[in-house]
Amino acid sequence: MRHPYLCLGLLSLLPLASGCERLQDDPVFVYGRLEQRDGTPVSGGVLPYARTIHRDPKGETNLVYELPDFSAYGEVSTEARGDFFLEMRYGDVESIVTPNLGLQPYRFRTSWRDEVGAGVFASFIFHDDVELPTLRIWDSQLTVTPQAEGAVVTFGAPPPLPEAPMNGEYFSDVGSDGNFIPLLPSTPEATLFIQSGGQMLFRTWLPSSLLTVSRYVLEDFAEPTVMLRAVSLGEFIFYPLGGKTSMLWLRMDWRTEELPLPSGGLVPVSRGAACQPSPPGGCPWTDGKLDPVPVGEKPVESLVVTLAEPRTLRHVVVRGAEEATPAGFVLEGSQDSEQWTRLAVLRKISEEDTVSRHWMMRARFEKQSQWDSPFDGQLSHIWGPHFMEAPLAADAGPVRYVRLRAVYFNFVGDPQPSTMMAPISELSLFE
């Protein structure tokens with residue numbers, strides 16, 4: 001058995017060693033199998049597939065990734081046993097006119113949805129004939145139970161870890177003892193999305209199969225719905241007969257059907273409040289709209305909201321905070337805008353998640369492919385958007401001024417001031 005070694009050089013995704021050189025018009029194939037949530041094959045299912053240029057990021061330190069622009073490439077129907085075969089022209093996979101000297105390959109995507117709206121897709125980079133792990137609809141068993149203070153969402157197990165195809169192997173690394181260690185794909189985790197009118201109200205990762213969605217999260221947004229998504233990233237290698245060694249760099253992404261949630265019926269006391277800084281036309285972070293807006297034309301440390309009168313606050317929800325830095329916020333209250341009392345500390349990513357989800361060599365591909373879904377928007381554990389809620393300090397008393405201050409966390413977890421206030425979509429404060 002061969003043991004390919006994954007090194008840092010592979011991050012550039014350059015072609016691997018050739019078994020024989022392909023011509024630009026040679027056909028190459030991606031094989032796969034499509035299954036229903038119970039494991040039965042999907043016969044006659046129509047799978048579109050599309051292509052986009054896999055661009056390197058712009059910049060040197062603050063990397064900027066362009067949104068993918070997928071264009072239709074082809075369409076196939078699954079066979080009786082669920083098998084499918086995507087055919088590409090080799091020059092459309094790895095072309096001599098690809099815009100860099102390393103012959104950077106293109107990124108492809110194939111997807112399918114069932115009759116109730118659940119779906120699965122794979123986006124991937126490859127060089128020659130490869131096989132995808134089985135595409136199977138997630139049997140999430142998602143249910144919603146309304147309650148007086150919101151709703152209880154329950155679900156079953158996350159999707160299983162994508163297995164190496166029969167004709168492929170996992171990439172391997174070398175341990176301290178010199179033995180090869182398979183680099184398994186990242187473990188799929190359930191991520192809950194709450195939406196209203198096609199916009200995201202809230203998102204959170206679910207370590208357990210039960211979550212109570214509070215009325216604070218639902219606020220007064222119309223006709224909220226809930227669904228789950230999950231993602232796994234992995235690398236495989238293939239040795240096709242008559243072709244060159246081929247790497248498969250894969251993102252597999254699942255989404256469930258959407259279910260209705262009860263209305264929260266809560267209007268935050270911050271709705272319509274003035275804030276500083278604020279662009280002309282009123283404060284866009286207290287207006288009940290969900291479009292992310294940068295805080296200030298230049299980097300600022302905080303956003304200060306002025307309530308119409310002093311209030312004793314009980315809960316906060318921050319929606320749509322962009323990027324992973326700053327790492328979080330401190331919420332503070334004041335009666336005179338001079339003396340401030342801490343009300344809550346909000347982390348975008350927990351300390352444990354920061355270590356486990358920065359997948360080192362996978363982090364770049366995770367960021368490049370976070371917008372690849374043909375069904376939904378962005379999904380990235382690292383880059384956001386981030387949503388946070390928390391009860392507030394019970395002994396703070398009434399406050400009129402509320403400050404949301406950007407922070408990072410030192411090695412012992414204490415918040416430290418930051419001047420990088422990221423764009424947010426809404427700050428909601430409740431009595």
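Glu-301 is partly exposed, with a relative accessible area of 31%; here buried means under 20% relative accessible area, exposed over 50%, and partly exposed in between, using a 1.4 Å probe and protein chains only. Glu-301 forms a salt bridge with Arg-405, and the closest N and O atoms are 3.9 Å apart. The term salt bridge stands for a side-chain nitrogen of Lys or Arg within 4 Å of a carboxyl oxygen of Asp or Glu. This pair links distant parts of the chain, 104 residues apart: Glu-301 sits in the loop between S20 and S21, and Arg-405 in strand S26 (residues 399–409). Arg-405 counts as buried, at 13% relative accessibility. Helices (H or I, at least four residues) and strands (E, at least two) are DSSP runs, numbered from the N terminus.

Before going further, a word on the source. This is a predicted model, in which local features need pLDDT of at least 70 and side-chain atom pairs count only at pLDDT 80 or more, while totals for chains, interfaces and linings use all residues. Residues are numbered from 1 along each chain as its sequence is written, and side-chain values use heavy atoms, with hydrogens and water left out.

Let's stay with the charges. Side chains of opposite charge can pair when their charged atoms come close. A search of the whole structure finds 20 salt bridges. One of them joins Arg-271 to Asp-220, with the closest N and O atoms 2.9 Å apart. Arg-271 lies in the loop between strand S19 (259–260) and S20, and Asp-220 in the loop between H2 and S17, so the pair ties together parts that are 51 residues apart in sequence. Both partners are partly exposed, Arg-271 at 28% and Asp-220 at 30%. There is also a network of salt bridges, which links Asp-25, Arg-51, Arg-89 and Asp-92.

Most residues other than glycine have a negative phi, and most peptide bonds are trans. Glu-219, however, has a positive phi near 50°. Its place is the loop between helix H2 (215–218) and strand S17 (225–238), and at 0% relative accessibility Glu-219 is buried. Gln-141 also has a positive phi, of about 55°. Gln-141 is found in the loop between strand S8 (135–136) and strand S9 (143–147), where it is exposed, with a relative accessible area of 52%. As for the peptide bonds, the one from Gln-276 to Pro-277 is cis, with omega near 0°. Pro-277 is in the loop between strand S20 (274–276) and strand S21 (302–311).

Arg-33 pairs with Glu-35, the closest N and O atoms being 2.7 Å apart; Arg-33 is partly exposed at 24%, and Glu-35 is buried at 8%. Glu-35 is among the residues nearest the centre of the second largest pocket, together with Pro-133, Thr-134, Arg-136 and Glu-163, out of 29 lining residues. On a 1 Å grid over the protein atoms alone, a pocket is an open set of points with protein on both sides within 12 Å along at least five of seven lines, where a 1.4 Å probe fits, and lining residues have an atom within 4 Å of a point. Strand S1 (27–35) gives the most to this lining, with four residues.
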